[in-house]
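Biologist: I am new to this structure and would like to learn how to read it. Please take me through it feature by feature.

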Amino acid sequence: MPRGEIDEAWIEEAVRRYRRIETLQAEFDQAVSTVEVTVRSPDGLVEVVVTAGGRITDVRFLGPLHQRSPRDVAGSVQAAVTAAADAAQWAREKLHNETFAAYRPLAGA
């Protein structure tokens, strides 16, 4: 194509791809806010449910607390929350890979 001419087909393809990316991004954003992962503290005392976006939606104590010191309970909560943050990141990455797996960059990009 001579210099200075506009490649209409390339522009149409770029616009179509941009719209598809917008759709995929909206799907990804929705999934991040709704997909949940459940983790437990290493001692099994605390269970945390977290969205892929990192929002904790539930915390459960799975055993009696009266037999444990406040320090031990706090350690279990901290361990479960840390695991929840790691699980949320893992879920986001998995969702991102699944959502955008078919996307390929424009030629030459």
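Biologist: How many strands does the open sheet have, and in what order?

Modeller: Helices (H or I, at least four residues) and strands (E, at least two) are DSSP runs, numbered from the N terminus. Two strands pair if DSSP finds at least two bridges between them. Here three strands form an open sheet in the order β1-β2-β3, and the pairing is antiparallel. The edge strands, β1 (36-40) and β3 (56-61), each pair on one side only. On average, neighbouring strands of the sheet are turned by 15° against each other, direction ignored. This is a predicted model: local features need pLDDT of at least 70, side-chain atom pairs count only at pLDDT 80 or more, and totals for chains, interfaces and linings use all residues. Residues are numbered from 1 along each chain as its sequence is written, and side-chain values use heavy atoms, with hydrogens and water left out.

Biologist: How many bridges join β1 to β2?

Modeller: Five bridges join these antiparallel strands, and Thr 38 stands opposite Val 49 in β2. Helix α2 (residues 70-99) packs on the sheet and touches β1, β2 and β3. Contact means heavy atoms within 4.5 Å. The direction of α2 makes about 30° with that of β2; axes are lines fitted to C-alpha atoms, for helices over the stretch in contact, and angles run from 0 to 180 degrees between N-to-C directions.

Biologist: What joins β2 to β3?

Modeller: Five bridges join β2 to β3, again antiparallel. Val 50 stands opposite Ile 56 in β3. The hairpin of β2 and β3 has four residues between the strands, and in this hairpin Gly 54 takes a positive phi near 95°.

Biologist: Is Glu 47 buried or exposed?

Modeller: Buried means under 20% relative accessible area, exposed over 50%, and partly exposed in between (1.4 Å probe, protein chains only). Glu 47 has a relative accessible area of 10%, so Glu 47 is buried. Its place is in strand β2 (residues 46-51).

Biologist: Which side chains make polar contacts with the side chain of Glu 47?

Modeller: A polar contact is a pair of N or O atoms within 3.5 Å; within protein, one must be able to donate a hydrogen and the other to accept it, and residues adjacent in sequence count only if both atoms are side-chain atoms. The side chain of Glu 47 has such a contact with that of Arg 40 at 3.0 Å, and another with that of Arg 60 at 2.4 Å. Beyond its neighbours within four places in sequence, Glu 47 is in contact with residues including Thr 38, Asp 58 and Leu 62.

Biologist: How is a pair of aromatic rings described?

Modeller: Such a pair is described by the distance of the centres and the angle of the planes. Rings of Phe, Tyr and Trp (its six-membered ring) pair if their centres lie within 6.5 Å; planes under 30 degrees apart count as stacked, over 60 as edge-to-face and the rest as tilted. A search of the whole structure finds one aromatic pair. Phe 28 and Phe 100 form this tilted pair, with 6.1 Å centre to centre and 55° between the planes. Phe 28 lies in helix α1 (residues 8-34) and Phe 100 in the segment after α2, 72 residues apart. Phe 28 is buried, at 12% relative accessible area.
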